[in-house]
Amino acid sequence: MSAALENLKADWDLVVIGGGITGAGIFRETVRMGLSVLLVEQQDFAWGTSSRSSKLVHGGLRYLKEGRIFLTRDAVRERERLLAEAPGLVELLGFLVPIYKGRGPGKWTLEAGLSLYDLIAKKRQHKYYDAEKLAALEPHLNQKGLVGGFHFFDAQVDDARLVLRLIFEAEAAGGCALNYTAAKTIHRNDSGEVEGVTLEDSETHESRFVSTGVVINATGCWAEHFHPSPDPKVHLRPLRGSHLIFSRKTLPVGHAVSFVHPVDERAIFLVERAIFLVPWEGAVIVGTTDLDYREDLSREPAISADEVNYLMTGLQTLFPSLDISEKDCISAISGIRPVLSKGGNRSPSEESREHVVWKDKGLLTITGGKLTTFRKLAMDAIKAAMEFLPDTGADRPPEPVFPTLSELREESVELSTEARRLFGRYGAGANLLISSAGTESLKPIPGTHTLWAELPYAAGHEQVRHLDDLLLRRVRIGLLVPDGAREYLPRIKKICRPVLPWNRRKWKREIDRYMDIRQRAYSLPSTETEPERFKFLPGWMRAPIRRVFH
Ligand SMILES: Cc1cc2nc3c(=O)[nH]c(=O)nc-3n(C[C@H](O)[C@H](O)[C@H](O)COP(=O)(O)OP(=O)(O)OC[C@H]3O[C@@H](n4cnc5c(N)ncnc54)[C@H](O)[C@@H]3O)c2cc1C
């Protein structure tokens with residue numbers, strides 16, 4: 001049994017199951033209220049959907065179109081709050097929406113939506129440009145049929161780092177979080193009240209019981225495993241969304257761009273869908289898709305050949321002069337949306353992104369929702385749990401969630417752009433990260449914004465059990481550098497060896513495990529089985545043919 005599980009305190013006010021953004025938000029807020037809280041995650045923190053999102057902190061313009069105005073209102077408010085509270089982690093992002101003749105929403109529909117968006121944020125942030133000015137802003141945009149377009153603002157985040165910052169700040173304030181620890185059984189007494197949870201180390205399978213009167217089930221797509229939906233008409237419908245990642249050299253864009261996919265994919269998606277590309281951490285993310293997912297949730301999801309074709313077709317049509325192909329792609333990410341469905345014939349993109357809270361005595365379940373609105377989800381779950389929790393004198397956590405930059409910083413640390421980024425990602429840990437780094441290690445890893453010094457800091461202080469924890473979630477270079485940063489592995493081993501107690505054989509096993517995960521879940525699928533005679537067709541036409549042959 002891991003020492004952490006063995007030495008664990010026997011009694012807790014609250015156990016939170018799930019170390020994604022929903023669980024992390026609840027954990028942070030309940031610790032701030034003075035409760036004794038244990039969080040358990042069966043894999044690594046943020047291993048699930050919360051490291052595989054589009055990394056946007058956004059109001060969701062399309063929800064306005066669907067009439068879900070309260071969802072947009074909450075998300076815009078949360079975006080503004082996070083921009084103010086977490087600089088260096090959540091940053092403003094300029095978006096362009098080009099308008100093409102005869103395709104997608106027109107100028108006045110967009111003007112109405114963006115005005116409403118601004119009204120909610122209480123600031124006017126959008127602007128219309130004619131075709132010439134838009135082309136000057138993004139010179140590689142397809143000019144054919146371009147009428148003009150809008151510029152507006154949303155925000156972006158490193159999703160896994162947001163989860164990690166919440167978890168580690170809650171730990172520093174007295175909470176306890178264990179990764180690679182699964183909740184197996186929730187125990188109840190004869191009256192049905194929650195009494196405790198059996199936990200299991202996910203790798204050694206050794207288990208132990210902890211007692212608690214309250215469990216919050218924040219397991220996203222897994223939520224119905226512990227708590228079947230109380231409404232027989234509403235169930236979780238796991239939906240896969242995938243992204244491609246390119247280098248900034250291949251895709252030299254200065255803005256995020258959102259556009260309606262050029263090919264009528266109604267056969268696949270049933271509705272006209274917008275896709276986007278977003279500059280992120282020195283690379284560019286292109287996404288996303290929305291498809292039913294019926295595979296095993298315990299395996300890392302991976303992009304399919306159809307999704308690659310769909311995203312490539314969109315990209316090639318928007319930027320024809322760049323001559324981009326699948327071969328330029330550095331990596332791919334797929335995540336599973338925990339979406340609540342009322343059944344019927346709704347297409348995936350038409351399903352609501354709202355969240356639910358289910359209550360069954362001391363077991364509270366919260367699922368659905370967005371990364372952006374994590375605090376709203378946390379507050380709703382806490383409100384429902386209040387009657388079962390001990391009274392700490394605080395009925396809600398104080399504002400703000402994150403300490404301010406001046407509270408985090410030790411005097412000596414100068415606030416350059418890089419330092420701001422580090423404080424955003426590591427909170428107060430950035431002081432130590434910076435002060436213990438040599439000049440060379442404060443340089444970025446080529447093609448990314450990640451500094452070499454982040455690796456030994458995270459390896460030594462952030463509960464890294466496996467190399468993939470370090471390269472895919474503590475830092476993201478496994479996604480941002482070609483071939484999973486294989487060429488840097490000898491240097492990574494050299495600088496992390498002093499803080500990771502692994503012998504030579506363990507290092508080899510960790511590298512093999514990481515490269516295997518990287519290949520299976522973060523790379524493009526092989527297209528070798530495709531019949532040679534169809535290769536002359538454009539990608540979107542090959543997709544249905546491929547389905548027949550597979
Ligand atoms: C493709 C895609 C793009 C998205 N883009 C955005 C975006 O740009 N902006 C935005 O706001 N939202 C976005 N979302 C939505 C957002 O990512 C999700 O709503 C959010 O990450 C869900 O978080 P969660 O904590 O509920 O679930 P998860 O992150 O999946 O966390 C649940 C965790 O519970 C763990 N768990 C399960 N069972 C157990 C157990 N028995 N014991 C212990 N642990 C357990 C799992 O391992 C998992 O890590 C996107 C989603 C997808 C799929």
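Modeller: Helices are DSSP runs of H or I with at least four residues, strands are runs of E with at least two, and the elements are numbered from the N terminus. Just after helix α2, G34 takes a positive phi of about 90°.

Colleague: What rules apply to the model as a whole?

Modeller: The model is predicted, so local features need pLDDT of at least 70 and side-chain atom pairs count only at pLDDT 80 or more, whereas totals for chains, interfaces and linings use all residues. Residues are numbered from 1 along each chain as its sequence is written, and side-chain values use heavy atoms, with hydrogens and water left out.

Colleague: What makes α2 a helix that is enclosed by the rest of the structure?

Modeller: A residue is buried under 20% relative accessible area, exposed over 50%, and partly exposed in between, with a 1.4 Å probe and protein chains only. By that rule 12 of the 12 residues of α2 are buried, so the helix is largely enclosed by the rest of the structure. Among them are I21, F27, R28, E29 and R32.

Colleague: How long is α2, and what span is expected of it?

Modeller: Helix α2 covers residues 21-32 and reaches 16 Å from its first C-alpha to its last, close to the 16 Å expected. The expected span is 1.5 Å times one less than the number of residues.

Colleague: How does α4 stand against its expected span?

Modeller: Helix α4 (residues 69-85) has 17 residues and reaches 24 Å, close to the 24 Å expected.

Colleague: What makes I69, F70, L116 and L119 a nonpolar patch?

Modeller: A patch is made of residues with over 30% relative accessible area and no salt bridge; nonpolar side chains (Val, Leu, Ile, Met, Phe, Trp, Tyr) are joined within 5 Å, and like charges within 9 Å. These four residues form such a patch on the surface, with about 390 Å² of accessible area together. That area comes from the Shrake-Rupley method with a 1.4 Å probe, and for residues only the protein chains shown count as cover. Helices α4 and α5 each supply at least two residues of the patch.

Colleague: Why is L119 classed as it is, and where does it lie?

Modeller: L119 lies in helix α5. Its relative accessibility of 63% is over 50%, so L119 counts as exposed.

Colleague: Why is the pair E454 and R421 called a salt bridge?

Modeller: A salt bridge is a side-chain nitrogen of Lys or Arg within 4 Å of a carboxyl oxygen of Asp or Glu. E454 and R421 meet at 2.8 Å, N to O, so the pair qualifies. E454 lies in helix α15 (residues 454-461) and R421 in helix α13 (residues 417-426), so the pair ties together parts that are 33 residues apart in sequence. E454 is buried at 1%, and R421 is buried at 10%.

Colleague: What makes R513 and D468 a link between distant parts of the chain?

Modeller: Their side chains meet in a salt bridge of 2.8 Å, N to O. R513 is in helix α19 (residues 504-521) and D468 in helix α16 (residues 467-474), 45 residues apart. At 29%, R513 is partly exposed, whereas D468 counts as buried at 2%.

Colleague: How far apart along helix α16 are D469 and R473?

Modeller: The two form a salt bridge of 3.1 Å, N to O. They are four residues apart in α16, so about one helical turn separates them. D469 is buried at 0%, and R473 counts as buried at 1%.

Colleague: How do you know where T204 lies, and why is it called partly exposed?

Modeller: T204 lies in the loop between β10 (194-201) and β11 (207-212). Its 42% relative accessibility falls between the two limits, so T204 counts as partly exposed. T204 and S2 are 202 residues apart in sequence and 8.1 Å apart in space, C-alpha to C-alpha.

Colleague: What makes up the two domains, and how many residues are in contact?

Modeller: The bounds come from an automatic or database domain assignment, which gives domain 1 (3-50 + 160-233 + 352-388) and domain 2 (405-521). Their centres, taken over C-alpha atoms, are separated by 27 Å. Contact means heavy atoms within 4.5 Å, and 17 residues of domain 1 are in contact with 16 residues of domain 2.
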